[in-house]
Amino acid sequence: MLKVDQLQINSAIIHRLDNQQENNAGLDLSDLALHMDDELRKVLETHTISGLEDGRIRYANFLDKDINQVLSESYKILDDKDNLFISGSKVLARILFNSMTNKTISAADVTVCLANCNGIEYVCLLKLDYKENYISEATDTDQGRYIGIKKLGSGWPQLGTKLQKAAFIKRTSDNYELIILDRQKSKTDQTDISLFFQKKFLNVELIDDAKTNTSGFIKGVRSFNEIAAINPEKKKAIFDNAINLVVNTENINIRQFVESQFSEDLPEQERKLYMDSLIAEFEKNGVKRAEFTKSQDVAQVYAKKRQIILVGVKLEVDPAIYDDEDKFKLTTRIDDVSGEEVADIIITGLKIRKMD
């Protein structure tokens, strides 16, 4: 998710998952929901927004739906929030704890929240890894005053620290069933610590969205250029920069691209308006993540000019035009009379340089 416009935490509960202890002694389940004052609500909202807006989020669907306990318990909670939230959260916490058998997996609190984000209700699972906290301590000694360090114990990650693992599960499944954040998961790492959250706990399949995101990135720039009150030269520069990014880099970071297109010399409000508008167009056109690996298939379309040789006609089409159905459309068919393959080509918006 690129931008959280509205988020409200409606209920929350914390369970302790200290897998470093033996014989399941570290599983400590709460019987009561959190009493949230404004400060605690703000902490949970900040961590939740941080997870949803993280550039590493992926969209996913559950596997083995008939026997997937995370799916069934989450849906029970969403269907009967008043009666099943606490009991369902305990089941989810126990499943997560049972998947943390490898001692190299960090002990943590899991916070289960019911949250409404941009009009959609989610069961949010935030794995808040324990961090050692220290504070300075002053004492008087025979040699003079000494200030040292005192260990306070384990605590939550500080606000602003990126979460390592989180899941956001919704009841509707039109395009995806959940959003997953797993910063420790890599394409090549197949160890228990890498796979336990995605495979052992959630049992999900990530949606391969490289093509959707890359195509949506280009379409978003096009649609922005149609509505933006900027001069044609600037529009062309933004589009050329987008194509250059798709062709020549492996990873696309939406925020970095947007910020680089509008000069910091612009008035702050005007620059923010342009950036927000461009990000909105990316979202409308199918970009699901703030950072993604490009689609090689889409990149190849824009990497070279297309040559089309017909009887008596030779066309050389810029890739940016060739892939834009509003400007260029080629349809092949079999001629009814000759039986040969022929083509119908529609080209719009041509500038005539010379015509005898």
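**Figure 1. Salt bridges in the predicted model.** The structure contains 13 salt bridges, a salt bridge being a side-chain nitrogen of Lys or Arg within 4 Å of a carboxyl oxygen of Asp or Glu. The model is predicted, and local features need pLDDT of at least 70, side-chain atom pairs count only at pLDDT 80 or more, and totals for chains, interfaces and linings use all residues. Residues are numbered from 1 along each chain as its sequence is written, and side-chain values use heavy atoms, with hydrogens and water left out.

Figure 2. Arginine 171 and aspartate 79 form a salt bridge in which the closest N and O atoms are 3.0 Å apart. This pair links distant parts of the chain, 92 residues apart: arginine 171 is in the loop between strand S8 (165–170) and strand S9 (178–182), and aspartate 79 is in helix H2 (residues 69–79). Helices (H or I, at least four residues) and strands (E, at least two) are DSSP runs, numbered from the N terminus. Arginine 171 is partly exposed, at 38% relative accessibility, whereas aspartate 79 is exposed, with a relative accessible area of 51%. In these legends buried means under 20% relative accessible area, exposed over 50%, and partly exposed in between (1.4 Å probe, protein chains only). The charged end of arginine 171 also sits over the ring of tyrosine 75, 4.1 Å from the ring centre. A charge sits over a ring if NZ of Lys or CZ of Arg is within 6 Å of the ring centre and within 35 degrees of the ring normal.

**Figure 3. Lysine 170 and tyrosine 176.** Here the charged end of lysine 170 sits over the ring of tyrosine 176, at 4.3 Å from its centre.

**Figure 4. Arginine 145 and aspartate 140.** A salt bridge joins the side chains of arginine 145 and aspartate 140, at 2.8 Å from N to O. Arginine 145 is exposed, with a relative accessible area of 58%. Aspartate 140 is exposed too, at 63% relative accessibility.

Figure 5. The structure holds eight aromatic pairs. The rings of phenylalanine 196 and phenylalanine 197 have centres 6.2 Å apart and planes at 75 degrees, so this pair is edge-to-face. Rings of Phe, Tyr and Trp (its six-membered ring) pair if their centres lie within 6.5 Å; planes under 30 degrees apart count as stacked, over 60 as edge-to-face and the rest as tilted. Phenylalanine 196 is buried, with a relative accessible area of 1%, and phenylalanine 197 is buried with a relative accessible area of 1%. Ring pairs link Phe196, Phe197 and Phe201 into a cluster.

**Figure 6. Phenylalanine 262 and tyrosine 274.** These two residues form a stacked aromatic pair, 5.4 Å centre to centre with 15 degrees between the planes. The pair links distant parts of the chain, 12 residues apart: phenylalanine 262 lies in the loop between helix H7 (254–261) and helix H8 (268–284), and tyrosine 274 lies in helix H8. Phenylalanine 262 is buried at 3% relative accessibility, and tyrosine 274 is buried with a relative accessible area of 15%.

**Figure 7. Glutamine 261 and serine 260.** Glutamine 261 lies in helix H7 and is buried, at 5% relative accessibility. Its side chain is joined to that of serine 260 by a polar contact of 2.9 Å. A polar contact is a pair of N or O atoms within 3.5 Å; within protein, one must be able to donate a hydrogen and the other to accept it, and residues adjacent in sequence count only if both atoms are side-chain atoms.

Figure 8. The buried residues of H8 are Arg271, Tyr274, Met275, Leu278, Ile279, Glu281 and Phe282. Seen down the axis, the buried residues of H8 fall within an arc of 155 degrees, so they line one face of the helix; the arc is that of the directions from the helix axis to the C-beta atoms. Gln269, Leu273 and Lys284 are exposed on the other side of H8. Lysine 272 and aspartate 276 meet in a salt bridge through their side chains (2.7 Å, N to O). Both lie in helix H8, four residues apart, about one turn of the helix. Lysine 272 is partly exposed, with a relative accessible area of 44%, and aspartate 276 is partly exposed, with a relative accessible area of 28%.
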